[in-house]
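Let me put the structure up, and then I'll walk you through a few spots.

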Amino acid sequence: MPSPAKAVMRPLALLALCVGLLAAGGEPDAAWIDGTVPAPARAAAAANIGFAVPPAPDSVKWFGGAPVVPSDGAVTVIQTFSMKQGGRSLLRSVKMSLPDGVRLVPIHMQDDAQTAAANMARSAPAMAVAVDLQGAWLAGMGLADVPVNLVIDVNGAVRYVGLKPEALKQALKPLLAEKADPARRAKPRPAPKKGDGAPPPAN
């Protein structure tokens, strides 16, 4: 008959195994989740997991560098923001949280985008920043007009959404160790059915 201590340890070991399997399958640690992202916005962003980010439409303007294709095979973090929501402090926090070898692609949301574009045209940012003037790029991904990030792996697939800046380093290190596999190259998310493509409200 097993001792009481062993009887307790067996369920704990099984629980640890289940947690490990979930992590291996891409489930984020609950402590990584950014609680400031509204639940509807998170759910809409999560629909991109496993898919490639669509290319930017012509209505997106780039400042501070050449246009970027986020799902081109580099480990990438997209961070949506606006000067009214997060602004430079958010981008600084995210950038400082990234390990070496990870690319940051900031996308300014439609929120006061014209003003942001005019300011960036006068004084270019230190990195390539996209300004989604018509909101078409983010709407194509179902993203609301609220700051959120998407973590993209070497196969071009979105792996995580809505992580805290301070959790990015821990989440990204394993992705940097992965090797690109042409057989697992991510494909774009199928176009949403009519009536399903509008991004959720911010609140």
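I'll talk about a pocket, then a helix residue, then a loop residue.

Quick caveat: this is a predicted model, so local features need pLDDT of at least 70 and side-chain atom pairs count only at 80 or more, while totals for chains, interfaces and linings use all residues. Numbering runs from 1 along each chain as its sequence is written, and side-chain values use heavy atoms, with hydrogens and water left out.

So, the largest pocket holds about 330 Å³ of space. Its lining has 15 residues, with Arg88, Leu91, Pro125, Ala126 and Val129 nearest the centre. Helix 3 (87–97) and helix 4 (113–122) are the elements giving two or more residues to that lining, and helix 3 gives the most, with four.

Staying on helix 3, that's where you'll find Val94. Buried or exposed? Val94 is buried, at 0% relative accessibility (buried being under 20% relative accessible area, with a 1.4 Å probe and protein chains only). Beyond neighbours within four places in sequence, Val94 contacts Val77, Gln79, Leu104, Pro165 and Leu168, where contact means heavy atoms within 4.5 Å. From Val94 to Ile78 it's 16 residues in sequence and 9.8 Å in space, C-alpha to C-alpha.

Last stop, Ser71, in the loop between strand 1 (60–63) and strand 2 (76–81). Ser71 is buried too, at 8% relative accessible area. With neighbours within four places left out again, Ser71 touches Ala52, Val53, Ile152, Gly156 and Arg185.

Conventions:
Buried means under 20% relative accessible area, exposed over 50%, partly exposed in between (1.4 Å probe, protein chains only). On a 1 Å grid over the protein atoms alone, a cavity is a set of points where a 1.4 Å probe fits but cannot get out, and a pocket is an open set with protein on both sides within 12 Å along at least five of seven lines; lining residues have an atom within 4 Å of a point. Grid points are joined across faces, edges and corners, and a volume is the space filled by probe spheres set on the points.
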